[in-house]
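Please look at the sequence and the model together while reading this report.

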Amino acid sequence: MKQEGKLTRRAFLQGTAALGAMAALSGCASQEALKPSPAGEAGVASGEVEVRHAWCQMCGPARTHCSTLCYIKDGRWTNVEGNPEAGNNWGRGSRSLCAKGNAAMAVLYAPGRILYPMKRTGEKGEGKFERCSWDEAMDAIASKLLEQKEQYGAKSYGVLSPQFYAVLGTMGRRFLNVHGSPNYMHSAICNSQRMFSRLVTIGGPKHAQATDTAPGQLGKTKLLVVWGYNSENSAINQGNPYARLNAIEKGLKVIDIRPMQDGLASKADIWVPVRPGTDGALAMAILNVIIGEGLYDHDFVENWCNGFDKLAEHMKQYTPEWASPITGIPIEQIYEIARLMGTVKPMGINIGNGIGDQQNDGHWTVACACLIEAITGNLGIAGGGSAGMVAPPSLVKTKGIDILSDRLPKSKEDEEKGYMAGVADLVGPETPRWFQTMATQESGPTTAYYKGLMSILTEDPYPLRCIFGQSSNPLSATRSPKKVEEALKKLDFYVVMDTQWNSSCDYADYVLPACTNYESSYQFGTKNSAAGTFVAINQKIAEPMGESCSDWEYYLDLAVRMGYGEDFWNGDMDACLREQLDGSGITLEELRVANKGIFVERTDGAKPTEPVYQDYAKMFASLPNGKVQCYNEWIGNKPNCDDTGEISPLPVYHGPAESIAGTPDIAKEYPLVISDVHAYRLCNHSYYVDVPYLRELQPYPWVKINPSTAKQYGIEDGDWVKIESRHGWVKMVARYLESIAPDVLMSRRGWWQPCEELDLPGYEHLDGGSEINVLYDAELKNFDPFNSAMSKQTLVKISKLEGGDE
């Protein structure tokens, strides 16, 4: 990749500041030697140490989960630890952090940082760029957006949504609404998918993100079913492995359902190695046993279930004998776990992204898991699902950024069909238009990420003309990078803003250098606990590298240039922050000098309280007839998300587009199933492969394989292998793992970043590289008809790669 006028990674590393920073990273001072200076002290003398607060960004940009203390010596960030005063990081108040959190300094000082605005000089994909000024880039972007709005309408503009991103979800949404576009392109591979399915099955708060069936009182739970839930590898602070381990020590029984026995699955009493993509068949077979053997809660079913008789009749066909050859699970084990789930009480299910957003039957798989929990009488009881302790109210009241939904124009079709504003104009609805109107008004309408990109090629119903990619790499974030590359080449105008040069940048018209969270002071957050409320802001740990700019400032600048300044505080980010803090009792100035954050101690004596158990009238109030939807009258016989058909009111199993049981002819040549983990403890999806502390623990793209399978193909542990599907091929390093089914391979996506400090390369996103998405089917007809979930499994064959990775 040629980037004219852009410093190479090695040249940047040789710079004085970066060289000093990396030297500090390789020899951090001990914790004992680093004594914090008084909060807010300015002008720290040479050799002294200052402590500043930051929310860790390593599990997602701009998230406020783990509060950290950053140590700065001689102007350089030297090390980081958890903030014990916050009480919300891994370890619940300790100084410990996960591997990613401990490597945060390497992200700030990474040699691959984008330093200056760049504009393309060659053809899309050539990677030829030259340095330009911010004014030139921003004027060009504003001019293009206004021009396209005039010619094609505001809906021709879309933004790519990464993993939850505070800037895009607030300021970016506000900009979209003021500009007039509904096309917020959500990835359709995150927790929203399972939340939507829960909402229409067992109800909950109107905003689907707040719905959760996970047991909130593990100390009272007798049986925990962990289903496609990867707590130890994603955001550790959310999965809370400590609570689970403590409960196991006290007698909690665990059933863990996932293809690979990783991390906490090794602590389970029963591991169920289901074939990727077949969880729906397993869930339906479990319902078959529970209903057929009368193991359900008859009183609950009679009073709180809609259409149970129809569900019971429908489920008779889905026996364990039917499910076993599909799932690869022995018939006896299906009966065993079904009977446990039907008889042990209280029982709770952790429903993970692995079954909600990564299968073309994702909706019905989640819905069936919810129905299992419901009909067994395990909802709203102590130790069961949806029954967590009620925290006392926050002592610090802040406001969110108003996304100005009323500015989004309402079309004639919106009016005629009763849709919320913008829904009719979506280029590729992520969920059905009627559902978006009923359930997601607070967050606004969403287009599915991949569908939006494909509109560029199909021009159906219209093509997106301009896309903004912010901390998202479409060549790794979604399926079929070959098709995505084709779309990016055809796209009229593509702008990327990121900290690192990702593989999609080569197709951009402008590439803008983003700050990390550690180079600005615009993100604050609060955390509530029984002891009080903690509030803190990202304090600036270092001056922005090169000419990098905060994402917040980007939106404000662009809005002002386009004439939207009055809706964006006339470009003043501090004014935006003060508006959010108004009435909180805490000023922006106080936050910015509070080097450990501010903890407001509770003096009212309030403590967490027991919820109102079995409050079913309230729990199911949003559902038809105020009951659990065994026969789903909310979604049944209504248009699917593509308006090309209707959704069944009863569970349906299709299975993956390619599977051992479903497509035996394909399986003859491609006998193995492959899938990839949603998240991994040493990276944030496809980011941080360039961080040396993390990369040295996983130096090469890996694929986990059962040793018995590997030996059939003459593959030794550590061999480079070729993995080939009908859609493409990748190269990876085989890693033996006994605790994986013989016919299953597991890997992870996102290997485009090189790590020059360790002389380790990045890998291409097309055939012959290591981007697993190239292997998967990406036909729109195979997406989940309710939530646009995309299948993340396919059939492959494997062979030793002669010559290694050359």
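## The model as a whole

This is a predicted model, in which local features need pLDDT of at least 70 and side-chain atom pairs count only at pLDDT 80 or more, while totals for chains, interfaces and linings use all residues. Residues are numbered from 1 along each chain as its sequence is written, and side-chain values use heavy atoms, with hydrogens and water left out.

The protein chain contains 28 helices and 26 strands, where helices (H or I, at least four residues) and strands (E, at least two) are DSSP runs numbered from the N terminus. Of its 806 residues, 62% count as buried; here buried means under 20% relative accessible area, exposed means over 50%, and partly exposed lies in between, for a 1.4 Å probe and protein chains only. Among the contacts in the protein chain with a separation of 6 or more, 74% are made by residues 24 or more positions apart, a contact being heavy atoms within 4.5 Å.

In soluble globular proteins, nonpolar side chains tend to be buried together. A nonpolar core is defined here as a set of buried Ala, Val, Leu, Ile, Met, Phe, Trp, Tyr and Cys residues joined through side-chain atoms within 4.5 Å. The largest such core has 70 residues, and the members that touch the most others are Trp 227, Met 341 and Ile 375. Leaving aside neighbours within four places in sequence, Met 341 is in contact with residues that include Leu 223, Trp 227, Ile 286, Ile 349 and Asn 378. A second, separate core of 50 residues has Cys 132, Trp 552, Met 562 and Phe 568 among its members.

## A pair of helices

Helix 6 (residues 166–179) and helix 22 (residues 551–561) pack at an angle of about 5 degrees with their axes 10 Å apart; axes are lines fitted to C-alpha atoms, for helices over the stretch in contact, and angles run from 0 to 180 degrees between N-to-C directions. The two helices are therefore roughly parallel to each other, since angles under 35 degrees count as roughly parallel, over 145 as roughly antiparallel, 65 to 115 as roughly perpendicular and the rest as oblique. Where they meet, the residues of helix 6 include Val 167, Met 171 and Phe 175, and those of helix 22 include Trp 552, Tyr 555 and Leu 556.

## Strands and their partners

Strands of a sheet pair through backbone hydrogen bonds, either parallel or antiparallel. Two strands count as paired if DSSP finds at least two bridges between them, and the table lists several such pairs.

| Strand pair | Sense | Bridges |
|---|---|---|
| Strand 2 (residues 67–73) and strand 3 | antiparallel | 6 bridges |
| Strand 17 and strand 18 (residues 532–537) | antiparallel | 5 bridges |
| Strand 21 (residues 672–676) and strand 25 | parallel | 4 bridges |
| Strand 22 (residues 702–705) and strand 25 | antiparallel | 2 bridges |

Strand 2 and strand 3 form a hairpin with 2 residues between them, and Asp 74 in the turn has a positive phi of about 55 degrees. Ile 72 has Trp 77 in strand 3 as its bridge partner. Strand 3 (residues 76–82) is largely enclosed by the rest of the structure, because 6 of its 7 residues are buried.

Strand 25 (residues 744–747) is covered on both faces, with Val 744 and Met 746 buried on one side and Leu 745 and Ser 747 buried on the other. Val 673 stands opposite Val 744, whereas Lys 704 stands opposite Met 746.

Three strands form an open sheet in the order 17-18-19, with antiparallel pairing. Strand 17 (524–528) and strand 19 (598–601) are the edge strands, each pairing on one side only.

Where does Tyr 688 lie? Tyr 688 is placed in the loop between strand 21 and helix 27 (692–695), and Tyr 688 is buried, with a relative accessible area of 7%. Although Tyr 688 and Ala 106 are 582 residues apart in sequence, their C-alpha atoms are 9.1 Å apart in space.

Trp 271 is found in strand 10 (residues 270–272). The side chain of Trp 271 reaches the backbone oxygen of Arg 258 at 2.9 Å. The C-alpha atoms of Trp 271 and Gln 261, which are 10 residues apart along the chain, are separated by 7.2 Å.

Conventions. Polar contact = N/O pair within 3.5 Å; in protein donor to acceptor, adjacent residues only side chain to side chain.
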